[in-house]
Amino acid sequence: MSEVLKIELGRRYRFSASHRLHSRQLSEEENCRVFGKCNNPHGHGHNYVVEISVSGEVDPSTGMIANLADLDGFVERHVLEAFDHKSLNEEVAAFREQVPTTENLCIEIFERLKSFPHARLERVRVEETSNNSFEYAGENAGNGREAVHQEGNRP
Amino acid sequence: MILLTRKIEFSASHLYHNPDLSPEENRRVFGKCNNPHGHGHNYTLEVTVAGEPDPVTGMVLNLAELKQILEREVMQRMDHRHLNYEVPELAGQIPTCENIARVIWQLLEPKITEGKLHRVRLYEAPDLFADCYRNGSNGAARP
């Protein structure tokens with residue numbers, strides 16, 4: 001790959017999961033005030049879209065940064081199997097303590113995928129709904145690429 | 001700095017095959033993309049140009065001009081073409097999203113003289129795309 005140009009491969013995945021936004025460090029009233037209807041004790045769910053970008057050399061013999069089957073399999077094993085049709089609060093260890101906001105979900109997914117052996121994970125972007133998306137680039141952040149709430153209001 | 005993005009769509013066929021690999025290897029690496037009869041996609045191309053608005057026109061560059069550049073450099077070369085056989089810039093390369101995005105960058109970069117080409121994003125399908133940008137830039141299409 002030319003050093004002047006950088007190429008990334010982007011791939012989108014979907015999963016559906018439930019969550020409840022609730023912090024043990026806050027009182028009932030504060031939880032209600034901060035998280036609004038997302039604090040409903042019965043939880044609620046979303047159809048999440050996970051967009052990941054990886055970079056690396058484009059292998060001249062395949063034209064690819066990474067074989068899609070390898071990438072899809074890795075994401076399936078490390079993220080989708082753990083999250084799809086699950087309760088994030090109850091069934092994902094990281095969210096026993098942390099509030100499963102989509103900010104924290106971005107970070108958790110990044111941590112789970114950063115060891116992908118065939119390319120460098122650049123960033124993870126998660127759409128909680130079509131109006132809300134969040135992006136995290138770990139230590140790749142900089143140049144304006146921070147974990148940012150992109151748009152819209154939390155439903 | 002303003003980032004301006006123009007989107008176009010084109011349809012093309014391709015197949016993945018590396019003559020240096022055995023037929024079995026080709027099938028293993030490329031899967032159904034190795035079908036010798038080829039297959040096609042509706043590609044979506046997003047071209048992002050960075051620059052300052054001209055104080056007189058208020059534009060980074062004239063969109064009409066960008067449209068013409070995209071028509072000439074991309075549509076006429078690639079739309080309703082077979083990418084393996086009809087696009088000389090891709091000769092000898094596997095026409096993956098990554099390689100097509102880089103070729104499109106190389107075609108557009110010298111033609112965009114008002115503002116600077118900032119990012120090329122090529123979608124092969126809504127769930128699969130490649131980004132090409134200058135190393136060291138962050139590749140964001142949002143300011």
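Predicted model: local features only at pLDDT ≥ 70, side-chain atom pairs only at ≥ 80, totals over all residues.
Chain A holds five helices and six strands, and 48% of its 155 residues are buried.

**Chain A as a whole**

- If you trace chain A from its N terminus, the elements come in the order β-α-β-α-β-α-α-α-β-β-β.
- Take the contacts in chain A between residues with a separation of 6 or more: 63% of them join residues 24 or more positions apart.
- One example of two residues set apart along the chain is Asn132(A) and Thr102(A), which are 30 residues apart in sequence and 9.1 Å apart in space, C-alpha to C-alpha.
- Asn132(A) sits in strand β5 of chain A, which covers residues 132-136.
- Asn132(A) counts as buried because its relative accessibility is 1%, and the cut-off for buried is under 20%.

- Helix α5 of chain A covers residues 102-113, a run of 12 residues.
- From its first C-alpha to its last, α5(A) reaches 16 Å, close to the 16 Å expected at 1.5 Å a residue.
- The buried residues of α5(A) are Thr102(A), Asn104(A), Leu105(A), Cys106(A), Glu108(A), Ile109(A), Phe110(A) and Leu113(A).
- Helix α4 of chain B covers residues 97-108. It has 12 residues and reaches 16 Å between its first and last C-alpha, close to the 16 Å expected at 1.5 Å a residue.
- How many of the 12 residues of α4(B) are buried? The number is 11, so this helix is largely enclosed by the rest of the structure.
- Among the buried residues of α4(B) are Cys97(B), Glu98(B), Arg102(B), Trp105(B) and Leu108(B).
- What do the buried residues of α4(B) pack against? Their partners are β1 (5-19) of chain A, along with β2, α2 (63-78), α3, β4 (116-125) and β5 (128-134) of chain B.

**The largest pocket**

- Rolling a probe the size of a water molecule over the atoms shows where empty space is left.
- The largest pocket has 28 lining residues, and those nearest its centre are Met64(A), Asn67(A), Leu68(A), Ala69(A) and Val29(B).
- Which elements each supply at least two residues of this lining? They are α2 (68-83) of chain A and, from chain B, α1 (23-30), β2 (39-51) and α4.
- Sorted by class, the lining of the largest pocket has 13 nonpolar, eight polar and seven charged residues.

**The second largest pocket**

- The second largest pocket is lined by 21 residues, with His17(B), Leu90(B), Gly92(B), Gln93(B) and Ile94(B) closest to its centre.
- Both α3 (83-86) and α4 of chain B supply at least two residues each to the lining of the second largest pocket, and α3(B) gives the most, with three residues.
- This lining divides into 11 nonpolar, eight polar and two charged residues.

- His41(B) belongs to strand β2 of chain B. Is His41(B) buried or exposed? His41(B) is buried, because its relative accessible area is 18% and the cut-off is under 20%.
- The side chains of His41(B) and His14(B) make a polar contact at 3.3 Å.
- Setting aside neighbours within four places in sequence, His41(B) is in contact with Phe10(B), Ser11(B), Ala12(B), His14(B) and Glu124(B).
- Most residues other than glycine have a negative phi.
- His85(A) has a positive phi of about 55° although it is not a glycine, and it is found in the loop between α2 and β3 (86-87) of chain A.
- His85(A) is exposed, with a relative accessible area of 64%.
- In chain B, His80(B) also has a positive phi, near 55°, and lies in the loop between α2 and β3 (81-82).
- His80(B) counts as exposed because its relative accessibility is 65%, and the cut-off for exposed is over 50%.

How values were computed. Residues numbered from 1 in each chain as written. Chains lettered and ligands numbered in written order. Heavy atoms only, no water. 1 Å grid on protein atoms, 1.4 Å probe; cavity = no way out; pocket = protein on both sides within 12 Å on 5 of 7 lines; lining within 4 Å. Helix = DSSP H or I, 4+ residues; strand = E, 2+ residues; numbered from the N terminus. Nonpolar A, V, L, I, M, F, W, Y, C, P; charged D, E, K, R; others polar. Buried < 20%, exposed > 50% of the residue type's maximum accessible area, 1.4 Å probe, protein only. Polar contact = N/O pair within 3.5 Å; in protein donor to acceptor, adjacent residues only side chain to side chain. Contact = heavy atoms within 4.5 Å. Expected span 1.5 Å × (residues − 1).
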